[in-house]
Amino acid sequence: MDFSLLIPTKNRPQLLLRLISYYHSLSFRGKIFIGDSSDTDTSAYIAKSLTTYSDILDCRYYHLPGKFTSEVLNILAGEVSTAYVGYVPDDDFLIPAGIESCMKFLNNHPDYIAAHGIGVIISSWSGDPREIESAGFYRQPIVEEATATHRVNKHFEHYSVGLFSVHRTEVWREIHRKTPNSSEHPEFSDKGFNDELLQCGLSAVYGKMKQLDQLYLVRQVHNTRNLLPTWFDWIVKENWHSSYIYFRNQLAHALADKDGIPLAQAEGIVEHAFYRYLKQTVEAHEISPSTLRKFARESPSLRSIWHVVRVLLGWMQPRRVTLESLLNPVSPYNKDFLPVYCAVTRATRQGERSEGA
């Protein structure tokens, strides 16, 4: 399998080993690169635990204490020798069958730089990462315009995260090569730009991105997630403006080169696209998914009604993304979802058996 999976992690050994166990259970044949920013004791525990899976998995482990996610991904990218690369946090899942389909698509479509399949987001009312009580569609970018200018405008107007897509390795390296080293340049160390927006914007500049009708990504909402700040806390940070200028300049230079336009024109395009992104971010804040989940948790009657509606929709429409549809045997996504479901809920089931004993 000509694919490398990059997994950054920090002080979450249970979630990381859950993910590695999942790939072991499926006899995953790609290369796995783990960049661990954990403390020394946690790192030692992880390194020892990984030997359990070495009979099947080709797993490379790097202890990178104190490194930010963007720095970890840049370091790991330099170790990759495969034609394709993908990234997943330690609490999410990339589906091996979906990875294979994306690689096949990219092999046959050299004008695309990345591809992904259907994304799903799972959660529980309690926020326990060992439980799944609901699921929904996780939007990812479909960027197929002919010019970099049109791709950047569309991407930021309808923004979603494309970092989890299968990328051509040379493009992935170029994207992360332009990410500043936060340790050396703290004035450019904003995580919103460095861990997401810069890379996603550069992907749109460099080429087209396809979405296939196959389960590919499962993300999990839980109470130990590493969250970015709210939009207000983000823009009032001391290093926000300097990080934004770096972000704008990198995108503008790449855009000017790609479309053969003057740099000043490219800067204007990036500024306008980012303005629309920021405007939508502010407007969407009041009705965010986390706000809706909090309201539902405090309303048991609403939660019960919504559960009945989800069950009916899930079984009547197997292509609809709900937990019930994903667990429906006739769903085209069921076969790929079940191993994820088992990996997430295994700890809870084991605990129940222990109590019953």
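A residue counts as buried when its relative accessible area is under 20%, as exposed when over 50%, and as partly exposed in between (1.4 Å probe, protein chains only). The structure is a predicted model, in which local features need pLDDT of at least 70 and side-chain atom pairs count only at pLDDT 80 or more, while totals for chains, interfaces and linings use all residues. Residues are numbered from 1 along each chain as its sequence is written, and side-chain values use heavy atoms, with hydrogens and water left out.

**Exercise 1. State which residues of helix α9 are buried and what they pack against.**

Helices here are DSSP runs (H or I, at least four residues), strands likewise (E, at least two), numbered from the N terminus. The buried residues of α9 are W240, S243, Y244, Y246, F247, R248, Q250, L251, A252, A254, L255 and A256. They pack against α5, α7 (191-206), α8 (231-235) and α10 (263-284). After α9 comes G260, with a positive phi near 65 degrees.

**Exercise 2. Describe how α5 and α9 meet.**

Begin with the geometry: α5 (residues 148-157) and α9 (residues 240-259) pack at about 145 degrees with axes 9 Å apart, where axes are lines fitted to C-alpha atoms over the stretch in contact and angles run from 0 to 180 degrees between N-to-C directions. Next, list the contacts (heavy atoms within 4.5 Å): A148, T149, R151 and F156 in α5 meet F247, L251, L255, K258 and D259 in α9. By class, this contact has 5 nonpolar, 1 polar and 3 charged residues.

**Exercise 3. Classify the ring pair of Y244 and F274.**

Rings of Phe, Tyr and Trp (its six-membered ring) pair if their centres lie within 6.5 Å, and planes under 30 degrees apart count as stacked, over 60 as edge-to-face and the rest as tilted. The centres of the Y244 and F274 rings are 5.1 Å apart and the planes lie at 35 degrees, so the pair is tilted. Y244 belongs to α9 and F274 to α10, 30 residues apart, and the pair thus links distant parts of the chain. Both residues are buried, and both belong to a cluster of linked ring pairs that also includes F156, Y159, F193, W234, W240, F247 and Y277.

**Exercise 4. Decide whether F137 is buried, partly exposed or exposed, and list what F137 touches.**

F137 lies in strand β7 (residues 134-138). Its relative accessibility is 44%, so F137 counts as partly exposed. Leaving out residues up to four places away in sequence, F137 touches I118, G119, I121, Q211 and V321.

How values were computed:
Ala, Val, Leu, Ile, Met, Phe, Trp, Tyr, Cys and Pro count as nonpolar, Asp, Glu, Lys and Arg as charged, and the others, Gly among them, as polar.
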